[in-house]
Amino acid sequence: MARAALRPRSLLRPRTAKARARSTRPARRPLPLPLRLLAMLCAFAFMVAFAVVLARLTLQPSPASEALTHTNLHPGRSLEAYLNQPALRDAVRQIGGNILLGVPFGVLMPVVAPRTRGVLRVLLLTAVVMLMVEFAQGALVTGRAFDIDDVILNTTGALIGYLFVGRRLSRAVHAREQRG
């Protein structure tokens, strides 16, 4: 009994399933510093290139969306309008394009800024950036308007990018050594 009193509380508690699973995983080794810096530099360069592409795509008038140049604050309204168009190709281009536009955020942000790793953080950051883009579009670009559905689709794309690639890539670049 005296020995138990001297042990820290954490040693007296039974290990949880999560803790047992962590201890059975092989320890992750962080990438060597030069490789980490190179990976972060490449991710940053891709993020800058993506920002340029994003600006060119969103801050110029679009002939495809000129018929729908009204502000949309009701989720689903413009999606319905896209899907009701006679040409399915235009709907796929609009919806798929907006989803694809968000994917680089989900992939690159956790690598460039490891504190943004996590589903909620990626979603929140993407939503804020895309809201700013939509506000700029609606206020500054002739033939464009604010559309909440674009923000939702972009954020969905970021979630897809994060879940399929960004989380793993960020863990590979920013791995921490596990303590024994």
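User: In which helix of this predicted model does asparagine 154 lie, and is asparagine 154 buried or exposed?
Analyst: In this predicted model, asparagine 154 belongs to helix H8, which spans residues 148-173. Its relative accessible area is 2%.

User: Which residue has its backbone oxygen 2.5 Å from a polar atom of the side chain of asparagine 154?
Analyst: Leaving aside neighbours within four places in sequence, asparagine 154 is in contact with Asn98, Leu101, Gly102, Thr126 and Met130. Among these, the residue whose backbone oxygen lies 2.5 Å from a polar atom of the asparagine 154 side chain is asparagine 98.

User: How are the axes of H6 and H7 oriented to each other: roughly parallel, roughly antiparallel, roughly perpendicular or oblique?
Analyst: The axes of H6 (residues 88-112) and H7 (residues 119-140) come within 10 Å, and they cross at roughly 130°. The crossing is right-handed. Angles over 145 degrees count as roughly antiparallel and 65 to 115 as roughly perpendicular; the two helices are therefore oblique.

User: What distance separates the C-alpha atoms of threonine 58 and glutamine 137?
Analyst: Threonine 58 is found in helix H4 (residues 33-58) and is buried, with a relative accessible area of 7%. Not counting residues up to four places away in sequence, threonine 58 touches Leu101, Val133, Gln137, Val141 and Arg144. Threonine 58 and glutamine 137 are 79 residues apart along the chain, and their C-alpha atoms are separated by 6.7 Å.

How values were computed:
Residues are numbered from 1 along each chain as its sequence is written. This is a predicted model: local features need pLDDT of at least 70, side-chain atom pairs count only at pLDDT 80 or more; totals for chains, interfaces and linings use all residues. Side-chain values use heavy atoms; hydrogens and water are left out. Helices (H or I, at least four residues) and strands (E, at least two) are DSSP runs, numbered from the N terminus. Buried means under 20% relative accessible area, exposed over 50%, partly exposed in between (1.4 Å probe, protein chains only). A polar contact is a pair of N or O atoms within 3.5 Å; within protein, one must be able to donate a hydrogen and the other to accept it, and residues adjacent in sequence count only if both atoms are side-chain atoms. Contact means heavy atoms within 4.5 Å. Axes are lines fitted to C-alpha atoms, for helices over the stretch in contact, and angles run from 0 to 180 degrees between N-to-C directions. Angles under 35 degrees count as roughly parallel, over 145 as roughly antiparallel, 65 to 115 as roughly perpendicular and the rest as oblique. A crossing is left-handed if the near helix is turned anticlockwise from the far one by less than a right angle, and right-handed if clockwise.
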